[in-house]
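Student: I have a new structure to look at, and I would like to learn how to read it. Could you take me through some features, one by one?

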Amino acid sequence: MDVLVRHCLCELSFDGDLGCNASRLKDFIVNYYSNSDGPQQVVDDTFCAFVWSIVVQQPAVRVGVVPPGITSEVYVAPQMKVKRKAATTGEELAEDRPSLQVIGDARGKTLEELKQQHGDDLRVAVDPQTCFAAITGSHIRPAKLSAMVYSALQLITRGREEGITTVELGRKTKYDQKTCFYVIKQLVELDLVIKVRRGGVGNYTCIHKYFVERSPLWQRIQQEEDEGEVIVASTDPQLPSAIDEVGPTGESPQIMFDPIDGRHLSSLHLVKNRVVRLLKASMNHMHASNNLLVAIGFNNPTKTDRRFFRTRLRELIQQGVIERVSVPPRRPAGRMVKCIRLVEPDSKLPEGTLLNVDGDEKDEGFGLSETYTYVKTHLTIHKQVCDLLEEAGPSGLTLQEICTSLGNFDKRTIELLLTRAAKAPPPSHLRDLGTVDVMETYGRERRHRYFTNATYQAVLASENLQDASAPRNEADSSHIGEFSDWDPGLFYGSDADFGSSMTSNLKKSKVREDDKPEMKRGTAVWWR
């Protein structure tokens, strides 16, 4: 009974300053006996009332109701910038410190009498000192455990084995994400919580180490992480010629996994072990990537779970554990099937080894299409873009098409060059190669399409369209194809003109030297 009472007090401490509803005491008792190896007990209302009578007699226990106007379960310390702002403006900072309105004669009444008097508002909690000792494991307060850090720790502890995400922590505390990152970092350094990655953009979950060390779920995860990988004899895997040799897509290899959920995906080592076991049990150490998550034991995954699992697969690819391959189907009209293949040490080429392939097979061996192009190093990027627009003709090119034609070149660089070319017209003899930017709608997408001046005029003429910018584009079109304009004043007409110009320049330079002030000893004169 003493152990059961200590368990109930610990659970009450985890619920924070306001404790929990009196009906949750039964959940604490059921949880204790479900994880206990000792003799079991029938947990009924009579036994719960008996345990209640013992728990409320403890000096640290408080029985009461929540005062009106209290919304937070725990005390959330204000940020330093809020305190400084209040001190600067002279305002009084209102702090919401939740505490129970204690019922004075609660220890002398039974649980049924208190429920009849206060209903569902009846709550039970422990004092702050007991709560602090249960959450931190010590009565001594470390220097890093400031008021803000302790507030975050209480909210994390209330989440039990589920923990709390960083986004939800910021929403409950009204802290910005930079502050949340700082307080979580302090808790991790104090070895009080762990931070695991979850599905979603930049989403992490913080869990108190007490539950990680005692929760059956996290114990199973750690146990599976500690298990070694299945060792199989190294063979020479041959690439299958058709998807039927990989195995039917609707059937999985003869290997069964325990069910998992999104919390298991937070462990990369667990995902790696399951994927490796599955691939080693598959034919040719290969499995179709479709529903691979279901094959390792994840039932009914959501889009977020599938997206996070793809991120885990990319991490395994970067580690060199697996690789993506495409397997041709048996039917000629079928599609290529994307598969995941296990990378074995024997199948890796030595570092620095080059594949010896024929000229016709180079592009196919390296996975490059026949139309794949590279950036030419002997021409400027601007010149190559102009050539592409001229070759495209009246169809023009989008930004994506231009970047793809240049070997997936940086889009921002190409867009900057095209924007400048559209604003600054070329010289008169190259007027037909000027760039025209046209906005078009493709489905729901708004995108730019680029033409040369010549092809743009041809499009307007063929479609019988008129453009306000057409007169500007047609200006000075009479010099197209000729030589560039030059200023005769930039050239010397004869040798005599050249000699007189040189004499004039010498006289001007001599006059400048004479006009320079003389330097006196011990002084310095500066001029611009």
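Tutor: Gladly! Let us begin with contacts: two residues are in contact when they have heavy atoms within 4.5 Å. Keep in mind that this is a predicted model. In the protein chain, residues 24 or more positions apart account for 61% of the contacts with a separation of 6 or more.

Student: Which residues is Gly19 in contact with, leaving aside its neighbours within four places in sequence?

Tutor: Beyond those neighbours, Gly19 has contacts with Leu12, Glu73, Arg123, Val124, Ala125 and Arg158. You will find Gly19 in the loop between helix 1 (2-14) and strand 1 (20-21). For another view of how the chain folds back, take Gly19 and Ser99: they are 80 residues apart along the chain, and their C-alpha atoms are separated by 9.2 Å.

Student: Is Gly19 buried or exposed?

Tutor: Buried means under 20% relative accessible area. Gly19 has a relative accessible area of 2%, so Gly19 is buried.

Student: What does the protein chain look like overall, in helices, strands and buried residues?

Tutor: The protein chain has 22 helices and 13 strands. Of its 528 residues, 35% are buried. The protein chain exposes about 33,700 Å², and carbon and sulfur atoms supply 52% of that area.

Student: Now to charges. How many salt bridges does the count come to?

Tutor: Here is the general idea: side chains of opposite charge can pair when their charged atoms come close. For the count, a side-chain nitrogen of Lys or Arg must be within 4 Å of a carboxyl oxygen of Asp or Glu. By this rule there are 20 salt bridges.

Student: Where do Glu161 and Arg263 lie, and how many residues apart are they?

Tutor: Glu161 and Arg263 join their side chains in a salt bridge, at 4.0 Å from N to O. This pair links distant parts of the chain, 102 residues apart: Glu161 is in the loop between helix 7 (147-158) and strand 5 (164-165), while Arg263 is in the loop between helix 12 (243-246) and helix 13 (268-281).

Student: What about salt bridges within a helix?

Tutor: Then look at Lys383 and Asp387, with their closest N and O atoms 3.2 Å apart. Lys383 and Asp387 are 4 residues apart in helix 17 (residues 381-392), so about one helical turn separates them. Lys383 counts as partly exposed because its relative accessibility is 40%.

Student: Which residues are linked in a network of salt bridges?

Tutor: Glu11, Asp15, Arg24 and Arg160 are linked in such a network.

Student: Which residues form the positive surface patch?

Tutor: For a patch, we look for residues with over 30% relative accessible area and no salt bridge. The positive patch here is formed by Lys303, Arg307, Arg310, Arg314, Arg324 and Lys338. Helix 15 (residues 303-318) gives the most to this patch, with 4 residues. Arg324 has its place in strand 9 (residues 322-327), and Arg324 counts as partly exposed because its relative accessibility is 45%.

Terms used: Residues are numbered from 1 along each chain as its sequence is written. This is a predicted model: local features need pLDDT of at least 70, side-chain atom pairs count only at pLDDT 80 or more; totals for chains, interfaces and linings use all residues. Side-chain values use heavy atoms; hydrogens and water are left out. Patches are made of residues with over 30% relative accessible area and no salt bridge: like charges are joined within 9 Å, nonpolar side chains (Val, Leu, Ile, Met, Phe, Trp, Tyr) within 5 Å. Accessible areas come from the Shrake-Rupley method with a 1.4 Å probe; for residues, only the protein chains shown count as cover. Lys and Arg count as positive and Asp and Glu as negative; His and the chain ends are not counted. The place of a charge is taken as NZ of Lys, CZ of Arg, CG of Asp or CD of Glu. Helices (H or I, at least four residues) and strands (E, at least two) are DSSP runs, numbered from the N terminus. Buried means under 20% relative accessible area, exposed over 50%, partly exposed in between (1.4 Å probe, protein chains only).
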